[in-house]
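Hi there,

Here is the structure I said I would send over. Have a look through it first, and then read on for my notes.

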Amino acid sequence: MSQETHAEERELTMSRAMVGAIAHEMREDDEVFVMGEDIADYGGIFDSTEGLLEEFGHDRIMDVPISETSFIGAGVGAAQAGMRPIVELMFADFFGVAMDQIYNNMAKNTYMSGGSVSVPMVLMTAVGGTYNDAAQHSQTLYGTFAHLPGMKVVVPSNAYDAKGLMHNAIRDDDPVVYMFHKRLMGLGWMPAPEGPKTGVPDEPYAIPFGEADVKREGEDATVVTLGLHVHRALEAAEELAAEGIDAEVIDLRTLVPLDTDAVIESVRKTGRLVVVDEDYRSFGVTGEIVARTTEEALGDLHAVRRVAMPDVPIPYARPLENEVNPGVEDVADAVRSVQE
Amino acid sequence: MYEDMVTARRYEERLQEEYLEGKQPAFDISAGPIPGELHLAAGHEASGAGVCIHLRDDDTVTAPHRPHHVAIAKGVDLKRMTAEIFGRETGLGKGKGGHMHLFDPDVNFACSGIIAQGVPPAVGAGLAAKKRNTDDVAVAFLGEGAIDQGGFLESLNLASVQDLPVVFVIEDNDWAISMPKDRVTDVEDGSKRAGGFDLPGVRVDYDDAVAVYEAAGEAVERARNGNGPTLIEVQVHRRMGHFMGDPQAYRSEEDVERAEQLDPIPKLEDDLRKHGVDDETIDEIRDRAHERVEEAIEWAKDQPEPDPEDAHEDVFTNPPAGVAEHPGTTESTGGDD
């Protein structure tokens, strides 16, 4: 847990950490700008751009029409012209109206041009449920974006990582989909769990993509997860520790690239794998992690469980959403089950 | 302008010949020296040439899936473009893009295969020009079949509300694959779409390169001077099928004949003669264009095919280090390691 190594730091919410990174990069490089819906005067519905307008003005913190195809596509065009746009898609769920620009242009133009065109763009987007916003505003869609080649996919779970990953995302010469979980942002109106608010150094630092973080070491099972569920897995691990089960918790931090080695190394030690994901169960992150582990370390693997959203649209009423979104007990039960 | 037009026409005639090699008598799309689909733009030359003559290398152009005449007029490297179409290693995209996905960053040209898809990125190039305070402009070419696409309409609005240096050029060839315009679009004149976005809209009714030149000149100047976007529609005619191999059973013989008669190239030749250009000069330009096309095609056919392993490269400009980037290609070590 690298944030503990920094003595000179402030406790920040995840949103403040993200904004700090964006502001720093904007001061350093005139080519960086932000555009999206309600990102200027409002400061981003989930505070992802809160405070930037005052320092940078409307030219660089740019509100746009509700018109995702045009402004995400314009982000691609500006990036291909050498600028470094940060484009916000308010909810990941809204990708449906603009996916052509995302996966056919943003993600493919570098490849189709044989490497002669770069698209240094950050597409940042809010993900996740737990606040009863139903099927069109609660998805994470991690697997959807990670499945399609050509985009790096970043999912921070805490303020320290959010800042370091944002610095790296803006500096990266490739399109980066930066998926922040609403519940982790530290919003006044959507209280975050314990954990995402961390010490954050004032100075800039980049967290390289493709380096998972072992959040808790353990001998008995490997729990691989990301985003909000890092915190649920850690809570489950504490509960299990009281029962004498010692779980290792890995925060993937980025899906593309994926730190397969960190997972394999842990599984070789524990022999038991539980993958926890807030995305749908089928054809997604959990299946991918299990597949890679079986390809690389089948002989070390004694038991596997997946804990994920069942394959249903996310329901509205509280008992229904609680049923489908994996909770601490679901994680703990899965870890117990692989001990048998 | 004339040279660009005859180059484009000759280029497509030659591509057609090359493309059909091995595909006759029975048409097999996967046979012959040119892979994939081939959408030819013969009959569209006036729009590409009449617009791009006003542009510099720094100006951006995006074109749709019928791109060759625009690419040629924008100054795309003809040899490397041809190598790309033949799927060769030295092609613009190293054989990864093909004829619908040509990128030449040296002259800021790109084209793409989905209807209206290139329009938002052109707006983005205009946005970049405005933010950087340059006088560069961006031009988005699209077909009349694209004017009902949301991405186009959204782009008109964004360019208008941001006052961006963008020119939208609709090439109206009357046909969206098999669908005549009057059956699917509410306006006969696509430039009327501009009215809803408080933009100037201009229609050039004939395949007349000089008329396109004049309309585009005004629009490009307006954009360059910071006076915002313009929408132009140019009437063109599709002399060939939607793609090579299209039997065009949906199209009447009269319509095909009309497209052949309304050829912008002889029309421009007449204009040139009226302005005192002699036949010898016209022949010289045409011969030079034909020679250049031949040279490009011969060069391209001599180029090697890509190394199959190269399929794994260029996904990223900055490929992740130390992480299995292509899990599909890693050797599985099974469970015994």
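Helices here are DSSP runs of H or I with at least four residues, strands are runs of E with at least two, and both are numbered from the N terminus. By that numbering, Asp38(A) sits in the loop between strand 2 (32-36) and helix 2 (52-60) of chain A. Please keep in mind throughout that this is a predicted model.

I'll stay with Asp38(A) for a moment. Its phi is positive, about 60 degrees, although Asp38(A) is not a glycine. Most residues other than glycine have a negative phi, and most peptide bonds are trans. Asp38(A) has 15, so it counts as partly exposed.

Ala134(A) is another non-glycine residue with a positive phi, in this case of about 70 degrees. You will find Ala134(A) in the loop between strand 5 (122-127) and helix 6 of chain A. Ala134(A) is partly exposed because it has 15 C-beta neighbours inside 10 Å.

Two cis peptide bonds are also worth a look. In chain A, the bond from Val256(A) to Pro257(A) is cis, with omega near -5 degrees. Pro257(A) belongs to the loop between strand 12 (254-256) and helix 9 (260-270) of chain A. In chain B, the bond from Gln24(B) to Pro25(B) is cis, with omega near 0 degrees. Pro25(B) belongs to the loop that runs between helix 1 (2-20) and helix 2 (45-52) of chain B.

Now for the layout of chain A. Chain A is divided into domain 1 (11-201) and domain 2 (213-339). Taken over C-alpha atoms, the centres of domain 1 and domain 2 of chain A are 25 Å apart. Where they meet, 28 residues of domain 1 of chain A are in contact with 25 residues of domain 2 of chain A. Which elements give two or more residues to the domain 1 side? They are helix 6 (142-147), strand 6 (152-154) and helix 7 of chain A. That side of domain 1 of chain A divides into 14 nonpolar, eleven polar and three charged residues.

Helix 7 of chain A covers residues 159-171, which makes 13 residues. From its first C-alpha to its last, helix 7 of chain A reaches 19 Å, close to the 18 Å expected at 1.5 Å a residue. This helix is mostly covered, with twelve of its 13 residues buried. Among the buried residues of helix 7 of chain A are Tyr160(A), Leu165(A), Met166(A) and Ile170(A), and also Asp161(A), Lys163(A) and His167(A).

Next, the interior. In soluble globular proteins, nonpolar side chains tend to be buried together. The largest nonpolar core here has 206 residues, and Val223(A) and Val335(A) touch the most other members. This core draws at least three residues from each of domain 1 (11-201) and domain 2 (213-339) of chain A. Leaving aside neighbours within four places in sequence, the contacts of Val223(A) include Ala233(A), Ile250(A), Val274(A) and Val335(A), as well as Glu248(A).

Met185(A) lies in the loop between strand 7 (176-181) and strand 8 (198-201) of chain A. Met185(A) is buried because 24 other C-beta atoms lie within 10 Å. Not counting residues up to four places away in sequence, Met185(A) touches several residues, including Thr13(A), Met14(A), Phe46(A) and Phe180(A).

Then there is the meeting of the two chains. In all, 44 residues of chain B are in contact with 47 residues of chain A. Helix 5 (119-131) and helix 6 (150-161) of chain B each supply at least two residues of the chain B side. Helix 5 of chain B gives the most to that side, with nine residues. The chain B side divides into 19 nonpolar, 18 polar and seven charged residues.

Finally, a word on confidence. The predictor gives the complex an ipTM of 0.91 and a pTM of 0.94. Chain B has a mean pLDDT of 92, and 95% of its residues reach 70 or more. Over residues 323-337 of chain B, however, the pLDDT is below 50. Where pLDDT is low, the predicted coordinates should not be read in detail.

Best wishes

Note on methods:
Residues numbered from 1 in each chain as written. Chains lettered and ligands numbered in written order. Predicted model: local features only at pLDDT ≥ 70, side-chain atom pairs only at ≥ 80, totals over all residues. Core = buried A, V, L, I, M, F, W, Y, C linked by C-beta atoms within 7 Å. Buried ≥ 20, exposed ≤ 12 C-beta atoms within 10 Å, placed from the backbone. Domains from an automatic or database assignment. Contact = placed C-beta atoms within 7 Å. Nonpolar A, V, L, I, M, F, W, Y, C, P; charged D, E, K, R; others polar. pLDDT = per-residue confidence, 0-100. Expected span 1.5 Å × (residues − 1).
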